[in-house]
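Biologist: I would like a close look at one part of this protein. Please keep it plain and walk me through it step by step.

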Amino acid sequence: MKLINKRLAATCAACAIALSSGLAAGISPAVAGGRHGDGHGVHQPATRHQIPFTAATVTQNADGSFTITWAATGARSVSVYAGTDQNRISYKRAVAKGSAKATVTVTGLAAADRWWFELVPDRGESLTVADRSLHLASAPNFRDAGGYRTAGGQWVRMGVLYRANDLGKLTDADVAKLKRLGIRTDIDFRTDSEITASPDRIPAGVTYIHANVIGTSGVGTGGIDLTTEAGGVAMMEAGEKAFVSSDSGRAAYTTFFTTVADPKAANVVYHCTAGKDRTGWASAALLTALGVPKATVLEDYLLSNVNLAASNAATLAAVPAAIRPGYKAVLDVRESYLQSGFDEVTVTYGTFDNYLRQGLGLTPKDLRALRAQLLVG
């Protein structure tokens, strides 16, 4: 039971402040265009985009092959080239070819830390993509934060920004892989007690930044009703609101935004314990600031349910039956959790632009730097 309570405290850490405070709660720099239809998007001037791809994904399969899917407006054909370094793609021969809209499977590639694929259309600029997952067994929610298309037609760069769960369990091989991938900065959103229990294992020389979202309010489970699903949901929604409005949350996410906008910090990994709540809001806020549509932001947010399915099932099986309904809600990410954060933005700041500028203190110059660093097209 002591172990279960410890797990619950760690899982609920992201919500502790809400409970204690009573809250209900080729690269070319460019500026993203478009505004989200729900009012959450940031108004940005439209710009002319030359990357014709409206969709592009890479999935590494269990047998080592890769499935690549794309759609390119205005193109007639697309050639695919591959490399183990995104800046050193081999153009000796295409590993696949297809029409403007196609799904192909690439086989026969040697084992590597990561394979990159440049999609070269017969019209327009190319796009370089990779499997979003880093396939780390010790950190299943470690994935690339980029690879998404904005409403204005640009793409969030891959290979410079990663989101993750607890890095304290990384194996020596995983740490070596992060070094080879060029991780330079580690932003840790956890509390002091979480860090003491599981300090990050990162390559030597990586800059470590502690950006405690919850602050010093402490972690506790008193007053939480986990015997019902509604109790767990209420707790998670309150925590999401706290990320937006609390002093510690605003300070932590200001640090996050200013760090990822700095080219000298790249490549950056940011994380909490499960990589789904504090990290989830960081990703959702960042993608929204970059002009990524709300549906795509939600898709990225909910991906944690897939990546953590096995570990969550094991955890839930060890929990007393009486609290499983609420505990499952705590382990999950759900659309209502993320929406509660955006609702808090509206209630407190009126618009997402105001949240960035008033809540996080970001200047127009900061936002231009952010988009220059993270957007292509």
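Which residues line the largest cavity?

Modeller: One point before we start: this is a predicted model. The lining of the largest cavity is made up of K294, L298, E335, L338, Q339 and F342. Two elements give two or more residues to this lining: helix 8 (294-307) and helix 11 (335-349). Helix 11 gives the most, with four residues. By type, the lining residues split into three nonpolar, one polar and two charged. The volume of this cavity is about 50 Å³.

How do we know that a space is there? Rolling a probe the size of a water molecule over the atoms shows where empty space is left.

Start with helix 8. Helix 8 also supplies at least two residues to the lining of the second largest pocket, and so do strand 1 (53-60) and strand 7. The largest share of that lining is from strand 1, with seven residues. The pocket has a volume of about 570 Å³. In total, 28 residues line it, and the closest to its centre are V58, D131, R132, Y148 and L303. Sorted by type, the lining of this pocket holds 13 nonpolar, nine polar and six charged residues.

The charged end of R132 sits over the ring of Y148, at 4.0 Å from the ring centre.

Next, helix 11. Its range, 335-349, takes in T348, whose C-alpha atom is 7.5 Å from that of S245. Along the chain, S245 and T348 are 103 residues apart. S245 belongs to helix 5 (residues 229-245). Is S245 buried or exposed? Its relative accessible area is 19%, and the cut-off for buried is under 20%, so S245 counts as buried.

Aromatic rings are the next thing to look for. A pair of aromatic rings is described by the distance of the centres and the angle of the planes. The whole structure has 13 aromatic pairs. One of them joins F142 and Y162: the ring centres are 5.9 Å apart, the planes make an angle of 45 degrees, and the pair is tilted. F142 lies in the loop between strand 7 (127-130) and strand 8 (143-144), while Y162 is in strand 10 (residues 161-164), so the pair ties together parts that are 20 residues apart in sequence. Both F142 and Y162 are buried.

A second pair is F189 with F256. This one is edge-to-face, with 5.9 Å from centre to centre and 70 degrees between the planes. It links distant parts of the chain, 67 residues apart. F189 is in the loop between strand 11 (185-188) and helix 4 (192-197), and F256 is in helix 6 (residues 247-260). Both F189 and F256 are buried. Ring pairs also link F189 and F256 with Y253, F257 and Y270 in a cluster.

Finally, step back to the whole chain. It contains 13 helices and 14 strands. Of its 377 residues, 55% are buried. The chain exposes about 15,500 Å², and carbon and sulfur atoms supply 54% of that.

To return to your request: the cavity is lined by residues that include K294 and F342, and helix 11 gives the most to its lining.

Technical notes:
Residues numbered from 1 in each chain as written. Predicted model: local features only at pLDDT ≥ 70, side-chain atom pairs only at ≥ 80, totals over all residues. Heavy atoms only, no water. Phe/Tyr/Trp six-rings, centres within 6.5 Å; stacked < 30°, edge-to-face > 60°. Buried < 20%, exposed > 50% of the residue type's maximum accessible area, 1.4 Å probe, protein only. Lys NZ or Arg CZ within 6 Å of the ring centre and 35° of its normal. Areas by Shrake-Rupley, 256 points an atom, 1.4 Å probe, with all protein chains shown as cover. 1 Å grid on protein atoms, 1.4 Å probe; cavity = no way out; pocket = protein on both sides within 12 Å on 5 of 7 lines; lining within 4 Å. Points joined across faces, edges and corners; volume = space filled by probe spheres on them. Nonpolar A, V, L, I, M, F, W, Y, C, P; charged D, E, K, R; others polar.
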